[in-house]
Amino acid sequence: MIKHFLKIFFTSVIFLTVVLSVTALGYIVFVDKDIVIGKIQTKETSKAINTSNIYESGTFDYNTAVGRLAKNSKRFNVLVVGLENTRTDTIILASYDTESKKADLISVPRDTYYPRSSDDPAELKKINAVYAQEGIESLTASVQKLLGIPVDKYVIIDYEAVVACVDKLGGVEVDVPFHMVYSDPYDKPPLHIDIPEGRQVLNGEQSLKFLRYRKGYSNQDLGRIEAQQQFIKSAARKALGFELPSLIKEAYSYIDTNLKLMDLIGLAGSVIGFSTDNINMNTLPGEEAPLEGLSFYLPDKEDIAEMVLNIYKTPENTTENN
């Protein structure tokens, strides 16, 4: 059973620095050219998924300002999610420009206001309710609509990957902003967090607790996102200097994705020369506000559009579209 308060920002690290690495491909068995990596089972849906081009989405309107830029770019987008029971407690859009070797991670707060029907109760108007109601393809389409960029690839990961991969790395160094103390005797198994303040190397179990911790941040969920983004960069720096084949072998057991082997082979070479200095962290523009008796994160459409345009604009891309 997937644990409560699941936090899987580490997926981004695995994906950008491991799954796409050339050396990691040595551990993949070429049984089927269309093999799908991973063991976690997601809901079946009749919705067709476009796999003909890893840079494009079959459901995206390219007749927009961003669409025209996206059409001429070699930017690969993938939705990264972690589950809290049947709800997506972690939602990240990972975007990687295979030409400039720059990555942008957009964290989408789980309380983001995303009503699908005015008749729905308030709790179903949060974006983290989409997966439980309609499945992963629907969530992928929702994030595509929310951000206004092409997305149809996804990665879902089991929380155990955090423990296994961090231990394989020999721990991850982070700066814990304050003494994290929390207990939930009703969690299964019971959860007990006690991580002292300060810079330190966390092992796998400690890292999972650090990522799951959600109390005490002055700016609540946004503070937690900032702490977890710090974890991503630190883990990525260490992963890039690690023996990647053994790490990827560990990670694959916990991943479910609609990415196929040929996709990974096509992307592998583009990661050579990638540096963690080229990771840009973003949080969905918006603000927290009470609404319909609950606390929501209200997205700012204009600021989202500006952020996405800035991500897609490059000197070459802009020139081609003038």
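A residue is called buried when its relative accessible area is under 20%, exposed when that area is over 50%, and partly exposed in between, as judged with a 1.4 Å probe on protein chains only. Helices (DSSP runs of H or I, at least four residues) and strands (DSSP runs of E, at least two) are numbered from the N terminus. The model is predicted, with local features needing pLDDT of at least 70 and side-chain atom pairs counting only at pLDDT 80 or more, while totals for chains, interfaces and linings use all residues. Residues are numbered from 1 along each chain as its sequence is written, and side-chain values use heavy atoms, with hydrogens and water left out.

**View 1. The chain as a whole.** The secondary structure of this chain comes to 11 helices and 12 strands, and buried residues make up 54% of its 322 residues. Contact here means heavy atoms within 4.5 Å; among contacts between residues at least 6 apart in sequence, 72% join residues that are at least 24 apart.

**View 2. The largest nonpolar core.** A nonpolar core is a set of buried Ala, Val, Leu, Ile, Met, Phe, Trp, Tyr and Cys residues joined through side-chain atoms within 4.5 Å. The largest one has 32 residues, of which L79, I127, L139, L147, I149 and Y312 touch the most other members. Two or more residues of this core come from each of several elements, including strand 1 (75-84), strand 2 (87-97), helix 4 (136-147) and helix 10 (301-312). A second, separate core of 21 residues includes V174, L191, I195 and L208. In soluble globular proteins, nonpolar side chains tend to be buried together. Which residues does L79 contact, leaving aside its neighbours within four places in sequence? They are I91, I92, L93, L139, T140, V143, V151, K153, Y154 and V155.

**View 3. Helix 4, an enclosed helix.** The buried residues are I136, E137, S138, L139, T140, S142, V143, Q144, L146 and L147. The expected span of a helix is 1.5 Å times one less than its number of residues; for helix 4 this gives 16 Å, and its end C-alpha atoms are 16 Å apart, which agrees. Just after helix 4, G148 takes a positive phi of about 75 degrees.

**View 4. Y114 and its contacts.** Y114 has its place in the loop between strand 3 (102-107) and helix 3, and at 13% relative accessibility it counts as buried. Leaving aside neighbours within four places in sequence, Y114 is in contact with K125, I127, V130, S142, K145 and L146. Although Y114 and V143 are 29 residues apart in sequence, their C-alpha atoms are 9.7 Å apart in space.

**View 5. Helix 10 and its buried face.** Helix 10 has 12 residues and reaches 17 Å from its first C-alpha to its last, close to the 16 Å expected at 1.5 Å a residue. Its buried residues are I304, M307, V308, I311 and Y312. Seen down the helix axis, these buried residues fall within an arc of 130 degrees, so they line one face of helix 10; the arc is that of the directions from the helix axis to the C-beta atoms. The face turned away from this buried side carries the exposed residues E302 and N310.

View 6. Rings of Phe, Tyr and Trp (its six-membered ring) pair if their centres lie within 6.5 Å, and the pair counts as stacked with planes under 30 degrees apart, edge-to-face over 60, and tilted for the rest. The structure holds 6 aromatic pairs. In the pair of F60 and Y62 the ring centres are 4.9 Å apart and the planes stand at 85 degrees, so the pair is edge-to-face. F60 is buried, with a relative accessible area of 15%, and Y62 is buried as well, with 13%. F178, Y213 and Y217 form one aromatic cluster. A charge sits over a ring if NZ of Lys or CZ of Arg is within 6 Å of the ring centre and within 35 degrees of the ring normal. R75 lies over the face of Y312, at 5.7 Å from the ring centre, and K126 lies over the face of F296, at 5.5 Å.
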